[in-house]
Amino acid sequence: MRPRRKVTVLIVVVALFLPALLLGALVALLLSRRPQLDPASPHVAAVAAHEVEHQLDASPGARGWVRRRLDPKTATGLALVAGTLVVVVGGALVGVLAYLVRSNAALQDIDNSVAPWGRDHATPFAHDVVNAVTQLGGTNGLLVVIVVVAVIEMIRRPSRWLPLFLVVVALGQPFVTNEIKDLLDRVRPTIDPGAASLGPSFPSGHSAGAAACFAALALVLGRGRSRRTHAVLAGAAVFIAVSVAASRVLLGVHWLSDVIGGLALGWAWFALCALAFGGRLLRFGAPVEAAERTLDAREDATPAGSLGPR
């Protein structure tokens, strides 16, 4: 391989993986610093029960205060707020981009300037690398990964809601994506002559599928695991999704705004599904259940007429 060709391959690979690596690392870092958000873990349940003990010993009127503190809506408030925020921001971004791609010349100029980059710098080897990455967002690639993870997780930590959650994420996302595609009917780039046969351009289905499905898989694989594992899984999911999105632009089959819209749509759909299934799949109320069992046990053990320990 000649030196110039080596440099060209390096440029393409860096363009493909560097943004994905940076975003994945940022997400992993942020999640590694968050409070523990797995209410089903024994550690969280134990902390909830200990809080009950402490408050009962501190004040005879603590029961109402503790129940309010450990209400499911409060115990998982951070997770619910974060999920809602992703849905709102992701949906708003898709809406704004959908409007701009039809009416804003400046956005189209940006798309036009980025579109030829992959063609101008690609070599056969770089093209093969990019094409391999893009398969991770295709229907066949996603199906294989989802089935494998579902089987493993049903053995490790079975839940009747797990298969339904993955099915809704995997099948609902392309339905929403295709509805938007048909509504906007955006023309694809002309870099690749075969791109026109793939249908409308906005938003990118590969990007949306990778964003939604790998985020769902990270959530499922992280059940009952440590905060560090959650962070690594989430960072890996973001890395894969952004890599797939970048590959679509480098292959010349999507505009830059297409893949940004696809990522936003995929993550918003995942967050919506996670909120819908969270109470069943992740047992959002587990700490509350443990705390209330402790309360009931203490009350049963307290003699009639006694105010209990002070």
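A disulfide is counted here as a pair of cysteine sulfur atoms within 2.5 Å, and in general terms it is a covalent bond between the sulfur atoms of two cysteines. The structure is a predicted model, in which local features need pLDDT of at least 70 and side-chain atom pairs count only at pLDDT 80 or more, while totals for chains, interfaces and linings use all residues. Residues are numbered from 1 along each chain as its sequence is written, and side-chain values use heavy atoms, with hydrogens and water left out.

By the disulfide rule, the count comes to 0. The sulfur of Cys213 has its closest cysteine sulfur in Cys273, at 9.6 Å, which is too far for a bond. Cys213 is buried (under 20% relative accessible area, where exposed means over 50% and partly exposed in between, with a 1.4 Å probe and protein chains only), its own relative accessible area being 3%. Cys273 is likewise buried, with a relative accessible area of 3%.

Charged side chains were examined next. Side chains of opposite charge can pair when their charged atoms come close. A salt bridge is taken as a side-chain nitrogen of Lys or Arg within 4 Å of a carboxyl oxygen of Asp or Glu, and by this rule the count comes to 5 salt bridges. One of them joins the side chains of Glu153 and Arg156, with an N to O distance of 2.7 Å. Both residues lie in helix α9, 3 residues apart, which is about one turn of the helix; helices are DSSP runs of H or I with at least four residues, numbered from the N terminus. Glu153 is buried, with a relative accessible area of 0%, whereas Arg156 counts as partly exposed at 34% relative accessibility.

Glu153 also forms a salt bridge with Arg223, and here the closest N and O atoms are 3.0 Å apart. Because Glu153 lies in helix α9 and Arg223 in the loop between α11 and α12 (227–250), this pair ties together parts that are 70 residues apart in sequence. Arg223 counts as buried, at 4% relative accessibility. A further salt bridge is formed by Asp258 and Arg186, whose closest N and O atoms are 2.8 Å apart. Asp258 lies in helix α13 (residues 256–281) and Arg186 in the loop between α10 and α11, so the pair ties together parts that are 72 residues apart in sequence. Asp258 and Arg186 are both buried. Salt bridges that share partners join Glu153, Arg156, Arg223 and Arg225 into one network.

Lys181, in helix α10 (residues 161–184), is buried yet has no salt bridge, and the nearest side chain of opposite charge, that of Asp258, is 7.0 Å away. When its neighbours within four places in sequence are left aside, Lys181 is in contact (heavy atoms within 4.5 Å) with several residues, including Arg188, Phe202 and His254.

On a 1 Å grid over the protein atoms alone, a pocket is an open set of points with protein on both sides within 12 Å along at least five of seven lines, its points being places where a 1.4 Å probe fits, and lining residues have an atom within 4 Å of a point. The second largest pocket has a volume of about 620 Å³, where grid points are joined across faces, edges and corners and the volume is the space filled by probe spheres set on the points. Of the 29 residues that line the second largest pocket, the closest to its centre are Thr139, Leu142, Ala170, Gln173 and Pro174. The elements giving two or more residues to this lining are α9 (139–156), α10 and α11 (205–221), and α10 gives the most, with 10 residues.

Phe17 lies in helix α1 (residues 3–32) and is partly exposed, with a relative accessible area of 25%. Not counting residues up to four places away in sequence, Phe17 touches Val129, Val133, Phe239 and Ser243. Ala126 is found in helix α8 (residues 124–134) and counts as buried at 1% relative accessibility.

Terms used
Lys and Arg count as positive and Asp and Glu as negative; His and the chain ends are not counted.
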